[in-house]
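Colleague: I am new to this structure. Could you take me through the part around the ligand, and then on into the rest of the protein?

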Amino acid sequence: MRTLGIGLLGLGNVGSGLVKLLEDNAEAIAARLGARLEVRRIAVREVDKPRMVEVDRSLVTTDVEAVLADPAVQIVVELVGGEVAAREFVLGAIERGKHVVTANKALLAAHGDEIFNAAERRGVDIFYEASVCGGVPLIRALRDGLASDKIDEFIGIVNGTSNYILTRMADEQRPFDEILADAQAQGYAEADPGLDVDGWDAAHKLCVLCSLCFGARVPVTEMLVDGLREIAPIDFDYARRIGCVLKPLVIGRDHASDIEARVHVAMIPERWLLATVSGVFNGVYVSSQALGPSLYYGRGAGMMPTAVAVVSDVIEVARDILSAASSGLPLRLRIRDWRERPVRPRGELVSRFYLRFRVRDRPGVLAELDGVLAREGIAVREVSREVGETVILTTQAAREQAMQRAFEGFARIDAVLERPRLIRMMD
Ligand SMILES: NC(=O)c1ccc[n+]([C@@H]2O[C@H](COP(=O)([O-])OP(=O)(O)OC[C@H]3O[C@@H](n4cnc5c(N)ncnc54)[C@H](OP(=O)(O)O)[C@@H]3O)[C@@H](O)[C@H]2O)c1
């Protein structure tokens, strides 16, 4: 039986998962593939560091170049993360004619164009199933399962850490800072949580999804990206009263004229299937013209779930190599035409809004808030006076730019004690 060689860059969480999965399921993989997969070289930063899995120490090196240049390596798996070194390694692998598997959404979001173009020129493939929703075979479903269909919209929960934090805030009625600290202590959130809780990890994934679903390049700098630091227990109380839950969403829509791309927490009806996606789980709802709605659900991160996706990519590349069926075209071009599509400006995006104010209790203050909104053409739907100084308003659908101007108006009202908090709502 033929053996194909893997050059592994990174032996952290996911790299260790890959080594374990290849060992645990070696026979089943060989039977399905008709060949064996073998890790032939492993590059890390520190050779002597203790590892989560047993590996032959003679395979481990700090010399990435040696891994890329090794003729026994046909497939390079990039699992170092980050953008700078990973870009150099992936481009280096492509230059040497190696197919690449990566789980790195940050890399694809920042340098996807350059990498896909280089792969196209060199006639090798880039596979990236693990970059969105970890172990859930979402990329494959979008690329293959829906290849004959036209996707209009997707709404997803793609950052497990944010979903875990919001789920616990809802269940335990405790503030963001406390739950975040707990999540960090338990290893569910990074010491530097910004990438997750400020929405940037989700934005990187949204960029990958827009390219797959709409054939559109949407730079993260052009998306509406908002995090969850300002969400408070009272927001969950209100959501519950109106039959909603709070979820950290990515939303992509293909309007005929342009692409809508946004990342933010939203109040969604609890009857939506996405409302039941809790804890660290991920879920993505896709609406396509012929199939209609479909939903993808599962573990979006973790050593073994992510390794499942990475190894499935390796198997797919291996099949191509073995059957010589590879068209030589990179994945992006196999999916659909790639077009420069305009991105809908942030200010033009439309939502209903939930606004939470802290106000000095004096006559006329509600009328003043309403007046500011009315001047921007925003209609109030409901007003709720909560205990203490809190007032909650919900609005009818309005543009982001109108709401931004309304915030300037709120700042001029002396009874408004701090900048209001805003959550977008979806019906
Ligand atoms: N963890 C998850 O659940 C998950 C889920 C989906 C996608 N991903 C993606 O998978 C990738 C890997 O994540 P991870 O959690 O496995 O990361 P990790 O645990 O931090 O491991 C990174 C590995 O890369 C090595 N490395 C870093 N810089 C290097 C360099 N310049 N040269 C050589 N080796 C280098 C490190 O070496 P040392 O061990 O010697 O320090 C380490 O073994 C990332 O792109 C991440 O976004 C992760």
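Modeller: Start with the make-up of the shell around the ligand. By class, this shell has ten nonpolar, seven polar and five charged residues. Keep in mind that the model is a predicted one.

Which residues come nearest to the ligand? Of the 22 residues around the ligand, the nearest are Leu 11, Glu 46, Lys 49, Arg 51 and Gly 302. Two of these five can be followed down to single atoms. Glu 46 uses its backbone: a polar backbone atom of Glu 46 is 2.8 Å from an oxygen atom of the ligand. Lys 49 uses its side chain, where a polar atom lies 2.8 Å from an oxygen atom of the ligand. Val 14 takes part as well. A polar backbone atom of Val 14 is 2.9 Å from an oxygen atom of the ligand. How much of the ligand does the protein cover? On its own, the ligand has 900 Å² of accessible area, and the protein covers 80% of that.

Gly 302 is one of the residues nearest to the ligand, so look at the chain around that number, because exposure there can be judged by a cut-off: exposed means over 50% relative accessible area. Ala 301 sits in the loop between β12 (292-299) and α12. Ala 301 counts as exposed, because its relative accessibility is 52%.

Next comes helix α12. The helix covers residues 303-323, and Thr 306 lies in it. Is Thr 306 buried or exposed? Thr 306 is buried, with a relative accessible area of 8%.

Cys 133 lies in the loop between β6 (126-127) and α6. Cys 133 counts as buried, because its relative accessibility is 2%. Its backbone deserves a look too. Most residues other than glycine have a negative phi. Phi of Cys 133, however, is positive, near 65°.

Gln 173 also has a positive phi, near 55°, and is a residue other than glycine. Where is Gln 173? Gln 173 lies in the loop between α7 (160-172) and α8 (176-185). Gln 173 counts as partly exposed, because its relative accessibility is 32%.

The largest nonpolar core has 58 residues. Which of them touch the most other members? They are Ile 94, Leu 142, Phe 154 and Met 223. Several elements each supply at least two residues of this core, including helices α4 (84-95) and α5 (105-122) and strands β7 (151-157) and β10 (259-269). Helix α10 gives the largest share of this core, ten residues. At least three of its residues come from domain 1 (2-135 + 303-335), and at least three come from domain 2 (138-299).

Ile 268 is buried, because its relative accessible area is 0%. The C-alpha atoms of Ile 268 and Gly 243 are separated by 8.5 Å, and the two residues are 25 residues apart along the chain.

Glu 260 is found in strand β10 too. Is Glu 260 buried or exposed? Glu 260 counts as buried, because its relative accessibility is 5%. Which side chains does Glu 260 meet in polar contacts? One partner is His 255, whose side chain joins that of Glu 260 in a polar contact of 2.7 Å. Another is Arg 262, with a polar contact of 2.9 Å between the side chains.

How values were computed: Residues are numbered from 1 along each chain as its sequence is written. This is a predicted model: local features need pLDDT of at least 70, side-chain atom pairs count only at pLDDT 80 or more; totals for chains, interfaces and linings use all residues. Side-chain values use heavy atoms; hydrogens and water are left out. A residue is near a molecule or strand if one of its heavy atoms lies within 4 Å of it. A polar contact is a pair of N or O atoms within 3.5 Å; within protein, one must be able to donate a hydrogen and the other to accept it, and residues adjacent in sequence count only if both atoms are side-chain atoms. Accessible areas come from the Shrake-Rupley method with a 1.4 Å probe; for residues, only the protein chains shown count as cover. Ala, Val, Leu, Ile, Met, Phe, Trp, Tyr, Cys and Pro count as nonpolar, Asp, Glu, Lys and Arg as charged, and the others, Gly among them, as polar. A nonpolar core is a set of buried Ala, Val, Leu, Ile, Met, Phe, Trp, Tyr and Cys residues joined through side-chain atoms within 4.5 Å. Buried means under 20% relative accessible area, exposed over 50%, partly exposed in between (1.4 Å probe, protein chains only). Helices (H or I, at least four residues) and strands (E, at least two) are DSSP runs, numbered from the N terminus. Domain bounds come from an automatic or database domain assignment.
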